[in-house]
Amino acid sequence: MARRHDGAAGGLLRALGEGVRVYGLIAWMWVRSTLAYRTSFALMTLGNFASSALDFVALLLMFSRVHALGGFALPEVAFLYGTCSLSLGLADLAVGNAERLGARIRDGTLDTLLLRPAPVYAQIAADRFALRRLGRTSQGLLVLLWSTGRIEVDWTPGRILMVPLMVVCGAVIFGAVFTAGAAFQFWAQDAAELQNSLTYGGNALLQYPPTVFARDLVRGVTFIVPLAFVNWLPALWLLGRPYPLGLPPWTAFLGPAVAALMVAGAALAWRHGVRAYRSTGS
């Protein structure tokens, strides 16, 4: 029995390693293609940076008229903005192209990927790897760095460690939502907008304090689609603020566990979707 478990674990690790290798090869191919036109790449990255920055400009304009939003000052809201924007930017850069699965199913090109001796998910996620999305990521990082120097926090080693931890866990959670949304497209090929409402829409929600939203909405993004673990719960612990639902402080540290559960659920959904897929035919 032990040998069987060791063999299964070894097979899983080999499959994971192969997926990472294939992903890296495809992504590097698209990076090389992108950098062949450096001026175009620079302009597109700058445009991505500028379009993402407009959201923060809207916050600045809002705070030019008010001193606080839901009891939160500008640096605190900027901290929420920076953490969720950076997390979404990393997830979008890594696996955001999975949302194109529905189009591949409709035009029949998914069948080509299934015939290749490489993991389908790695091919889908790395296809048309868009390095220009670093614009969104860098913009979120700059806002995060600016806000951390201005929020009133006693920066102990634990609190310092919480910042990169919440960004990484947030990226994994958003990546799991991207993957689960892509898997749903095996049954509903036009479901990309539903996925976007949870990723980009969720990002827009998490940029603002939970205190400005209705409690039912806060419950939904805490217990149903747990996007609150991207930044709301850990950030409020870091800032010394109570969570609107009265959850105990230790829930702020559940980000890694929630991220792992969401990855497992997304992986099961993807596997089931691939098995249930039937070719579009000729």
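This is a predicted model: local features need pLDDT of at least 70, side-chain atom pairs count only at pLDDT 80 or more; totals for chains, interfaces and linings use all residues.

Residues are numbered from 1 along each chain as its sequence is written, and side-chain values use heavy atoms, with hydrogens and water left out. The largest pocket has a volume of about 970 Å³, and the largest cavity holds about 60 Å³ of space.

**Largest pocket**

- On a 1 Å grid over the protein atoms alone, a pocket is an open set of points with protein on both sides within 12 Å along at least five of seven lines, a cavity is a set where a 1.4 Å probe fits but cannot get out, and lining residues have an atom within 4 Å of a point.
- Grid points are joined across faces, edges and corners, and a volume is the space filled by probe spheres set on the points.
- The lining of the largest pocket comprises 28 residues, and L16, V95, Y121, T179 and V263 lie nearest the centre.
- At least two lining residues come from each of α1 (2-35), α3 (74-95), α6 (120-126), α8 (157-184) and α12 (255-276); helices are DSSP runs (H or I, at least four residues), numbered from the N terminus.
- α1 supplies the largest share of this lining, 7 residues.
- By class, the pocket lining has 24 nonpolar, 3 polar and 1 charged residues, where Ala, Val, Leu, Ile, Met, Phe, Trp, Tyr, Cys and Pro count as nonpolar, Asp, Glu, Lys and Arg as charged, and the others, Gly among them, as polar.

**Cavity**

- The count comes to 1 cavity of 30 Å³ or more.
- M162, L165, M166, C169, F229, P234, A252, F253, G255 and P256 line the largest cavity, and the elements that give two or more residues to this lining are α8 and α12.
- α8 gives the most to the cavity lining, with 4 residues.
- The cavity lining divides into 9 nonpolar, 1 polar and no charged residues.

**α8 with α12**

- The axes of α8 and α12 are 8 Å apart at an angle of about 20°; axes are lines fitted to C-alpha atoms, for helices over the stretch in contact, and angles run from 0 to 180 degrees between N-to-C directions.
- α8 and α12 are therefore roughly parallel to each other, a term for angles under 35 degrees.
- Their contact (heavy atoms within 4.5 Å) involves residues of α8 including L165, C169 and T179, and residues of α12 including G255, P256 and V263.
- The contact of α8 with α12 has 17 nonpolar, 2 polar and no charged residues.

- α8 and helix α11 (residues 232-239) have axes that come within 10 Å and cross at roughly 165°.
- α8 and α11 are therefore roughly antiparallel to each other, a term for angles over 145 degrees.
- In this contact, R159, M162, V163 and M166 of α8 meet P234, A235, W237 and L238 of α11, giving 7 nonpolar, no polar and 1 charged residues.
- α3 and α11 pack with their axes 10 Å apart, at an angle of about 145°.
- From α3, E76, F79 and L80 meet W232, A235, L238 and L239 of α11, and these residues divide into 6 nonpolar, no polar and 1 charged.

Methods: Angles under 35 degrees count as roughly parallel, over 145 as roughly antiparallel, 65 to 115 as roughly perpendicular and the rest as oblique.
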